[in-house]
Amino acid sequence: MDRNVLALSHLYERDSTNVSFCAGIKANSGNYFFIDYPDLYLELGKKRFEERIESLVIEKKINYIFFVFLADDLTFDIHFIERLSRLSFVVMIFFDTEHYFESVDRYYAQAADLVFSGYSSKCRYGLYNINAAPLFGFFDKNKYQVLKNRNKCIDVSFVGLINKANRRNYIDYLRANKITVDLYGGGTRNGFIDFSKMVEILNNSKINLNFCGLDTRKAIHTLNINNRITQINGRLFEIALCGGFVLTEYMPGIENMFEIGKEMDCFRSKEELLEKIKY
């Protein structure tokens, strides 16, 4: 039987996450259909938007519907999703559910047959008797590569938003202890870099730093206690796909993906981070 698949998402190149997820879904589909749902909603309005999607599901005999949500998005009427679930198998993919579980994700998840989310959230969905599984992302193996001419000229680097969560505190501590860290991304002197430059840095760094604490300052619906949560992020896999060494802030569940101390290593405090960088 053909796998007729409909993906509902929004694609923009600056953030390749949704692009990669939808490409992965397409690669594993028989007949693939895609709707850019924010654009269609603005074009048609709620009633005609829902009619267009529902008619496509019926006409093309869609077997699986994938909702690749924008984080904290409330475009869809949950009763509409429930109607779709009577026609097809509904799969929801949530990003940053560590932020938005309480305010958004757990409500939409009630209408799904399967939820894909971060590793640490699987048990939280289980409490609501919602079928959930961890999924960490799709990554294009043709974009990430081990460069032939890499020379490991950077001792320690970090690529990402420097002002998020506790990252700057870690960096300031390292610098106070005479450790030079090359920084790239929002809030850094080098600023944002393009994808090819990021691949180059990940290849040429002896140590690639990764931080995974939540930034609760700008998330309106996130409880302050959630700043104790760490989340598995995509940078781990991007570094690995570039053949780089990663030293990451510890997060629950990482030992189910990597062999700590062999494939990568972790730190739980700024003192431990400093000690391992020196080592």
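Predicted model: local features only at pLDDT ≥ 70, side-chain atom pairs only at ≥ 80, totals over all residues.
Residues are numbered from 1 along each chain as its sequence is written, and side-chain values use heavy atoms, with hydrogens and water left out. Local features need pLDDT of at least 70 and side-chain atom pairs count only at pLDDT 80 or more, whereas totals for chains, interfaces and linings use all residues.

Helix 2 (residues 37–59) and helix 3 (residues 78–85) pack at an angle of about 10 degrees, and their axes lie 11 Å apart; helices (H or I, at least four residues) and strands (E, at least two) are DSSP runs numbered from the N terminus. The axes are lines fitted to C-alpha atoms, for helices over the stretch in contact, with angles running from 0 to 180 degrees between N-to-C directions. The two helices, helix 2 and helix 3, are therefore roughly parallel to each other, a term applied to angles under 35 degrees. Helix 2 contributes Glu50, Ile53, Glu54 and Val57 to the contact, and helix 3 contributes Phe80, Arg83 and Leu84, where contact means heavy atoms within 4.5 Å. By class, this contact has four nonpolar, no polar and three charged residues (Ala, Val, Leu, Ile, Met, Phe, Trp, Tyr, Cys and Pro count as nonpolar, Asp, Glu, Lys and Arg as charged, and the others, Gly among them, as polar).

Two cavities of 30 Å³ or more were found, a cavity being a set of points on a 1 Å grid over the protein atoms alone where a 1.4 Å probe fits but cannot get out, with lining residues having an atom within 4 Å of a point. The largest cavity, with a volume of about 60 Å³, is lined by residues including Phe69, Asp72, Phe94, Tyr100 and Tyr108, and its lining has eight nonpolar, no polar and three charged residues. The second largest cavity holds about 40 Å³ of space and is lined by Ser157, Phe158, Val159, Leu202, Asn208, Leu209, Arg235 and Ile239. Strand 7 gives the most to this second lining, with three residues.

Across the whole structure, 21 aromatic pairs were found, rings of Phe, Tyr and Trp (its six-membered ring) being paired if their centres lie within 6.5 Å. Phenylalanine 69 and phenylalanine 94 form a stacked pair, at 5.4 Å centre to centre and with 5 degrees between the planes; planes under 30 degrees apart count as stacked. This pair links distant parts of the chain, 25 residues apart, with phenylalanine 69 in the loop between strand 3 (64–68) and helix 3 and phenylalanine 94 in the loop between strand 4 (89–93) and helix 4 (97–108).

Key. Parallel < 35°, antiparallel > 145°, perpendicular 65-115°, else oblique. 1 Å grid on protein atoms, 1.4 Å probe; cavity = no way out; pocket = protein on both sides within 12 Å on 5 of 7 lines; lining within 4 Å. Points joined across faces, edges and corners; volume = space filled by probe spheres on them. Phe/Tyr/Trp six-rings, centres within 6.5 Å; stacked < 30°, edge-to-face > 60°.
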